[in-house]
Amino acid sequence: MEKKQVKVGLMGLGTVGTGVVRIVDAHQEDLFNQTGLSIEIHKILVQDKEKARSIVIDQEKITTNADDLIEDPDIDVIVEVIGGIHPTKDYLLKALAKGKNVVTANKDLMALHGAELLHKAQEKKCDVFYEASVAGGIPILRALVEGFSSDRITKMMGIVNGTTNYIMTKMSKEGAEYREVLAEAQALGYAESDPTADVEGFDAARKMAILSTLGFRVPMNLEDVQVRGISKVNKEDIAYGKKLGYEVKLLGIARRDNDEIEVSVQPTMVHKSHPLASVNGVFNAVYVHGEAVGETMFYGPGAGEMPTATAVVSDLISVVKNMKLGVNGRGTVAPYKEKKLKTDDKKFSKYFIRLIVADKRGVLAQITNLLAEKDVSLDQVIQQPYQDSGQSEIVMVTHTSSKYNVASVLKTLEGMDVISEIKSYYQVEGTDKEAGAVHNE
């Protein structure tokens, strides 16, 4: 007898889980017309059955035992929005072993154990979809898998953490200090009471591990992502960046050259001509460059109940369509290419460097001589007095140089008597059509 209804086991009834229930209940007619099957939230896993909720739920559907979902032969799809690694990973592996398709919003799990889950899904001919794990309501993962399936992606850059983008935007627009804006973001609920995962770049790093795994078809791990957060960014760096034509953003960057890959998350000077420079507030955006298509960018809300729940339900619809066609698991592509990571001498970029130096003749000449020795050339320079200290401040933007050479320059500068302090340095991204100017103030 032909199946007429798909039953879903929902793991988690927090913000996103509640949104999933709202969408499925409210859009039954649309869901049926899109899939040819009705969709029912059959059972829901929660921690506390007695907790007050913003929606009315049939209490018979609620359980605190994951096996009530995993072992139920009537449940076809597990939708996981509880987060965390343990015991969530075990739940999903058991569900796949039972032949159940999986939809998850769990970026931590997919960044650390995505390859294992995808291989198990291939083995059991099941779908594993996880669009909501990166950039909330932006359909970037589906685009990488389907839209770029005939192209070869060479670069991805993303603003994939709304909290840090809110902080960077406020610092840029209001000239405020980092700690002041962080406190405001916490008061508004944009930042957690412990903001470490966001502001130190770990949340963005997990998302970049997922994006690079999908985009480059290699098993990228979280430890393969070089991470630097925004907690040391100050308003002076942002002001100098603006003067030179840049905005500071916490950027995830993934590049592939000759099958060698680099992935990082770091505060970056993005040239104002680049579309990522104008992505403000809590919005997310992912820029993708393909050999055939060229430049594309995906933009939208990166978090929140309904944007994230919409991405989850979109994945659920894809699973149900595959069930109707009998093709579950055929589109699940586990990483299949060998991972080759670039060494620092093969990572190239422009760099912003800000120094406090002795205010005397010949210092800039010493610095430029050092740069020449290390095969690093200058594109832009600002030199001016530093406060009332009797010292000078030098801000430089280099031409494209290797990370290895720039690191060697910074190490040598630290040991020079005429250098009081290396205030900051940042990678520079985006087309700079106004480069080449030298300023003395």
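Buried means under 20% relative accessible area, exposed means over 50%, and partly exposed lies in between (1.4 Å probe, protein chains only). This is a predicted model: local features need pLDDT of at least 70, side-chain atom pairs count only at pLDDT 80 or more, and totals for chains, interfaces and linings use all residues. Residues are numbered from 1 along each chain as its sequence is written, and side-chain values use heavy atoms, with hydrogens and water left out.

View 1. Lys107 belongs to helix H5 (residues 107-124). Helices (H or I, at least four residues) and strands (E, at least two) are DSSP runs, numbered from the N terminus. Lys107 is partly exposed, at 24% relative accessible area. Beyond neighbours within four places in sequence, Lys107 is in contact with Ser133, Asp203, Arg206, Lys207 and Ile210. Contact means heavy atoms within 4.5 Å. Glu192 sits in the loop between helix H8 (178-188) and helix H9 (196-199). Glu192 is exposed, with 53% relative accessibility.

**View 2. The largest nonpolar core.** This core has 78 residues. A nonpolar core is a set of buried Ala, Val, Leu, Ile, Met, Phe, Trp, Tyr and Cys residues joined through side-chain atoms within 4.5 Å. Among the residues with the most contacts inside the core are Ile140, Leu144 and Val288. Helix H10 (residues 202-216) gives the most to this core, with eight residues. Apart from it lies another core of 33 residues, including Val20 and Ala309.

**View 3. A salt bridge between Asp237 and Arg354.** Their side chains meet at 2.8 Å, N to O. A salt bridge is a side-chain nitrogen of Lys or Arg within 4 Å of a carboxyl oxygen of Asp or Glu. Asp237 is in helix H11 (residues 235-244) and Arg354 in strand S13 (residues 348-358), so the pair ties together parts 117 residues apart in sequence. Asp237 is buried, at 0% relative accessibility. Arg354 is buried, at 2%.

View 4. Lys170 pairs with Glu174, and their closest N and O atoms are 2.7 Å apart. Lys170 is buried, at 18% relative accessibility. Glu174 is partly exposed, at 49%.
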